[in-house]
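I set out below what I looked up in this entry, in the order in which I took it.

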Amino acid sequence: MSAVSTNSTPEILERFPEAFEASLRQYAESPLFADSTAWVVPEHPYRRIVRPQDLGHLDFETPMTRQQVLDYTSLAANRVLLNIYEADMLFLPRRAPEGWYEDFQRFYDMDAAVHREVVRRKLENYLFSFLEDEIDASGTWSAGALESWLIAQVEAANSKRSPVFDAILGSRNPEHAALTLMIQFAGDFLSEASAMARNILGNFGPAQSELFKIVIDEYGYGLHETKHSTLFEALMESIGLESAPHAYWQYYLTSSNMLNNYFHYVSKNHSRFFRYLGALYYTEATLSVYCRHASEVLTKVYGPRAAVRYFDEHVHIDQHHGRMALDKLVLPIVQQYGPTVIPEIVRGCAEFSLLASIADQDVIDQIAWSDGEQRYKQLHDSVYRAILAGQVRTRSKRIALTETHDEPTVTHAHDWAECLHIVSGTMRFVTGHDRSVLLHPGEGTMILANRLHGASIESNECSFEVYQLTGEYQK
Amino acid sequence: MIVVAFDLDHVNLLTVNEERYFVFEHQGRTCLVSDACPHRGGPLHLAVRACGEEKLICPWHETATRERRVAARNVPMVRVGSSATAVFDLPPDSAIWKRWTDGAVHGLASTRPRPRPGRAT
């Protein structure tokens with residue numbers, strides 16, 4: 001009854017480890033993925049920063065652990081991997097801004113396709129192998145046991161409101177907190193069901209047609225105004241956000257990219273199809289209740305201007321999708337193919353549930369991080385004094401840097417806490433879309449481990465110091 | 001069917017309608033298996049591992065049972081981190097009792113680190 005692990009480094013990459021490094025370098029060095037001074041990019045769906053200058057210094061060889069899920073290497077790997085997966089999808093800009101056609105050609109470049117395949121396999125192994133250790137499905141399963149277990153997981157999830165909504169309502173700035181969550185959704189919802197659609201080609205009997213019915217709903221029955229992504233665009237616009245895919249690429253948290261990537265991961269390679277079914281059931285069966293809470297919270301925060309039809313539609317249709325996924329897909333598949341496929345179905349449900357809970361906490365922590373920007377600015381003063389007095393341990397000696405107005409520090413995260421101190425010039429320290437704090441000479445801020453942030457230089461030049469902390473300040 | 005959730009850091013023995021099951025690490029996988037020795041129903045969670053062999057020695061009659069056979073008498077279970085859910089083909093009003101025991105098998109066979117201080121291993 002053991003689930004077959006499909007995670008391992010392919011033999012060809014073990015024999016030629018330099019192939020991965022060369023492919024990653026060549027793929028990531030595309031101008032599409034270079035640093036940019038634009039924080040929001042609504043016109044160019046192919047321009048998605050990956051900080052290529054960092055990639056050669058990161059170790060993707062040893063798969064990350066559960067404790068490393070939000071580390072910077074994970075963020076970097078997830079950004080690259082999402083670009084790779086989405087090269088299988090078609091994105092076109094809404095208008096034709098200058099240079100779009102060159103971007104289009106680069107994003108779908110056939111030579112780059114070879115590099116994408118080499119890189120994808122390794123990054124999947126790096127990012128998702130920890131799930132094999134974190135989750136076990138053991139025992140002798142029957143269809144009845146599977147059904148009971150799946151329903152219990154969904155009932156447990158649906159019995160309480162996601163803590164993300166409590167974090168939004170309890171935020172110092174609920175509108176910004178809600179906006180942060182919508183931006184996280186945007187990475188997936190604006191191309192909704194694209195990963196799902198990977199599973200509908202081929203020939204696999206009645207289940208194929210049942211899955212197609214769900215896809216039809218997601219795609220609005222061919223009516224563009226009812227397509228789910230169109231409804232989400234309307235929601236984004238109603239709360240003052242850009243609605244173009246990946247306009248807010250820089251603000252996706254590590255876990256948001258990972259959730260998005262997960263569905264591609266289990267759908268790109270069809271050996272994981274049964275795992276996909278478990279994940280599909282869990283998401284469809286829990287989304288109805290989740291969307292009811294989302295609709296209520298958004299309406300409370302933004303009032304009637306929030307176009308919550310996207311969520312209201314899911315409150316309704318996902319009651320059907322949850323039932324359809326179980327009764328028309330999962331259980332008939334088990335009946336047809338027997339208990340061999342059950343551990344993978346169980347694994348898919350458990351894996352997605354785990355990743356969703358990680359993502360919830362990541363958003364909660366980011367909301368608190370943005371809310372606390374003034375507090376962390378003040379905290380800098382005492383920590384900086386303590387560092388100079390030798391009362392705080394640091395990982396390395398002072399790192400002194402000077403950056404200029406035209407050098408953007410695009411969003412990233414650190415695996416440890418840092419104390420940032422401005423020596424001269426002015427820096428705008430960014431903790432989220434439309435959320436930043438100005439730092440002048442003598443000022444600074446604490447940067448928490450794993451929290452997404454970036455910076456722009458407001459003066460011609462800015463000199464600053466960075467201290468990487470250990471011990472009690474490490475996280 | 002009933003689904004029972006428990007924390008592997010605090011529970012390694014379940015009694016369900018007077019049938020006992022214990023958490024057993026077998027070939028790197030966490031299983032929930034019947035506690036009754038196939039010989040006369042002795043408590044396998046108190047067994048010891050036969051030296052150099054993949055067998056458990058029941059404390060009642062010192063009967064050796066292959067670990068593979070013990071692991072095969074299992075209940076469907078899913079572990080996520082230290083959280084577990086197991087499925088029993090029993091009515092919803094079944095009596096369930098969860099507890100921790102410092103059983104010898106657990107200590108010898110387990111490959112999972114147990115953070116609970118002063119317990120097992």
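**Notes on chain B**

I first looked up the secondary structure of chain B, which comes to 2 helices and 11 strands; helices (H or I, at least four residues) and strands (E, at least two) are DSSP runs, numbered from the N terminus. The model is predicted, so that local features need pLDDT of at least 70 and side-chain atom pairs count only at pLDDT 80 or more, while totals for chains, interfaces and linings use all residues. Residues are numbered from 1 along each chain as its sequence is written, chains are lettered from A and ligands numbered from 1 in the order in which they are written, and side-chain values use heavy atoms, with hydrogens and water left out.

From the N terminus, I read the elements of chain B as β-β-β-β-β-β-β-α-β-β-β-β-α. Of its 121 residues, 50% count as buried (under 20% relative accessible area; exposed is over 50%, partly exposed in between; 1.4 Å probe, protein chains only).

I then turned to Gly41(B), in the loop between strand S4 (29-34) and strand S5 (48-49) of chain B. Gly41(B) is partly exposed, with a relative accessible area of 29%. Not counting residues up to four places away in sequence, Gly41(B) touches Ala36(B) and Trp60(B) (contact means heavy atoms within 4.5 Å).

Last, I looked up an open sheet of 5 strands in chain B, with the order S8-S4-S3-S2-S11 and antiparallel pairing (two strands pair if DSSP finds at least two bridges between them). Its edge strands, S8 (74-75) and S11 (96-99), each pair on one side only. Within chain B, S2 (residues 13-16) and S3 (residues 19-26) pair over 4 bridges, and Val16(B) stands opposite Glu19(B) in S3(B).
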